[in-house]
Amino acid sequence: MATLLRKVWESVSARSASASAPGSSPYSSWSSSDGFHQLACIRASSMGDFDRIPIDIFIVIVKLLGPKEAAKLTAVCKSWKFIVSDNRLWIYFLQNQQDPWDSIFFAETHLRSGFSLWTFANPMADLSFMHIYGQRAMVPGTMIVDGGSGYCKYGWSKYNRPSGRSATFLEFGNIESPMYSRLRHFFSTIYSRMQVKTSTQPIIVSIPICHYDDAESDKSARKQLEEAILSALFDMNVPAVCAMNQAVLALFAARRTSGIVVNVGFHQTSVVPILHGKVMHNVGVETIGVGALKLTSFLKEQMQQKNIYFGSLYTVRTLKENLCYVAPDYEAELSKDTKASFQVPSEGFFTLDKERFQTGEILFQPRIAGMRAMGLHNAVALCMEHCQEAELNTDDSWYKTIVLAGGSACLPGLAERLEKEVRALLPPSMSFGVRVLPPPCGVDSAWHGAKLISNLSTFPTSWCVTRKQFRQRSRSKLIW
């Protein structure tokens, strides 16, 4: 094996130096070509001593060399290029990267074209994963800022998770100040905490779910928010910006481009229909006035009624995240012994009983908390009915995948209970095939959706607006 590897290396060193231009990247010559042409080439040429090696053994040798040296083999001869360009080899290299292979495959086959999403009919035939590997290796690091309604997550696209968290942007600066000023202060604070220059890398920003309706006033408000975000960032000398809806990013994290996202936000819960990566405002975004804050406040009230002392609302939130769950059958759960304890650092052990599942139950029965609002399952069923009536797609299965998002959506049992309740409300023709998926990446689903985009082989070109494009667009508006 050592002799074979030495022969490979000697062959590469002798021939690739003359075939490649000085200073060129080993990835620069990667491209896919017609399979029949390649087959003709390999028959007409020879690999010398390596002709006697079975192809599967040869691929094992190339795997041991690694992607950079394997890429150099394309310059040796057409036979080597044909074999080394095999998609299976580069899928192997991609599978050994930090990101999960199924996420990479979804992103490269569904998201690489940018905002005009489309899917390859036969991804394995239409894509060169050798070319994709090389492009992904050269994608710059990207700042990701997921500005939620309660908390903001920010960090680098090359990391596995956000590197920092803070209060939402509405808590930055003076609330009386114009939106632009608050956003400018918010992004300046994030860049300062990350200790990076604004001009060095692109940024992906999640736009909070707001101004839900299809009315002109809501369209205008959504547009103004996006324009304010872009203006604030470009005035800070950021080279390129991708601003996307938070629900869409959460859907991408679940490896879907169409479906319904149920986002349990800080103040309220939104049911968002999305088709091909676009929020269907014309179908209607349903909202209920129960969010993470209401769940925490309800648990706090239950604890106070039982004379359970706690130091702060943070303690209550910690107990909610670690002890609370959603019962599959609320009435049956009332007769069970559900006591459980959890130790909160610096405050000791807390024991909860019925309030463990009663807290999450207010999503389905808001009246328990003294609220007059529809239950979550009713809102989802209503949204699905509107999707069916709109007839936006010949395949009506697009709205039957429901993806949960948001911190409180991570409550154990929520996905199973919601699926059960929605199926019970819908006629059999609609309920067949309905699936509810838990948050794909926990509380950071939208952040991970942005991470998928930021590591695409076509990023930032296919997804970002540059400062020059934004200025030109602004000037054209002034002209008209």
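**Strands, helices and their neighbours**

Visitor: Which residue of β7 stands opposite N263?

Guide: This is a predicted model, by the way. Strand β6, residues 259-264, is joined to strand β7, residues 269-275, by six bridges, and the two run antiparallel. A hairpin of four residues makes the link from β6 to β7. Facing N263 across that pairing, in β7, you'll find S270.

Visitor: And which residue of β12 stands opposite I260?

Guide: β6 also pairs with β12, residues 401-405, this time in the parallel sense and over four bridges. Look across from I260 and the β12 residue there is I402.

Visitor: How many of the residues of β6 are buried?

Guide: Take it by direction: G259, V261 and N263 point one way and are buried. I260, V262 and V264 point the other way, and these are buried too. That's why β6 is largely enclosed by the rest of the structure, with its buried residues numbering six of the six.

Visitor: Which strands are the edge strands of the open sheet of six strands?

Guide: Read off the order, β3-β2-β1-β4-β5-β14, with mixed pairing. An edge strand here pairs on one side only. That picks out β3 (164-167) and β14 (465-466).

Visitor: Which residue in β5 stands opposite I203?

Guide: β4, residues 203-207, and β5, residues 240-245, run parallel and are joined by five bridges. Start from I203, and the β5 residue on the other side is V241.

Visitor: At about what angle to β1 does α20 run?

Guide: Helix α20, residues 445-454, lies across β1 (143-147), β2 (151-156), β4 and β5. Against β1, α20 runs at about 150°.

Visitor: How many residues of α20 are buried?

Guide: The cover over its buried residues includes β1, β2, β4 and β5, along with helices α7 (101-110) and α12 (246-253). Even W447, H448 and K451 are among the buried residues. So α20 is largely enclosed by the rest of the structure, and its buried count is ten of the ten.

Visitor: How far apart are the axes of α6 and α9?

Guide: A helix pair like this is described by an angle and a distance between the axes. Helix α6 (residues 87-95) packs on helix α9 (residues 129-138) at an angle of about 30°. N87, W90, I91, F93 and L94 of α6 meet F129, M130, Y133 and R136 of α9, a contact of seven nonpolar, one polar and one charged residues. As for the distance between those two axes, it's 8 Å.

Notes: Residues are numbered from 1 along each chain as its sequence is written. This is a predicted model: local features need pLDDT of at least 70, side-chain atom pairs count only at pLDDT 80 or more; totals for chains, interfaces and linings use all residues. Side-chain values use heavy atoms; hydrogens and water are left out. Axes are lines fitted to C-alpha atoms, for helices over the stretch in contact, and angles run from 0 to 180 degrees between N-to-C directions. Contact means heavy atoms within 4.5 Å. Ala, Val, Leu, Ile, Met, Phe, Trp, Tyr, Cys and Pro count as nonpolar, Asp, Glu, Lys and Arg as charged, and the others, Gly among them, as polar. Two strands pair if DSSP finds at least two bridges between them. Buried means under 20% relative accessible area, exposed over 50%, partly exposed in between (1.4 Å probe, protein chains only).
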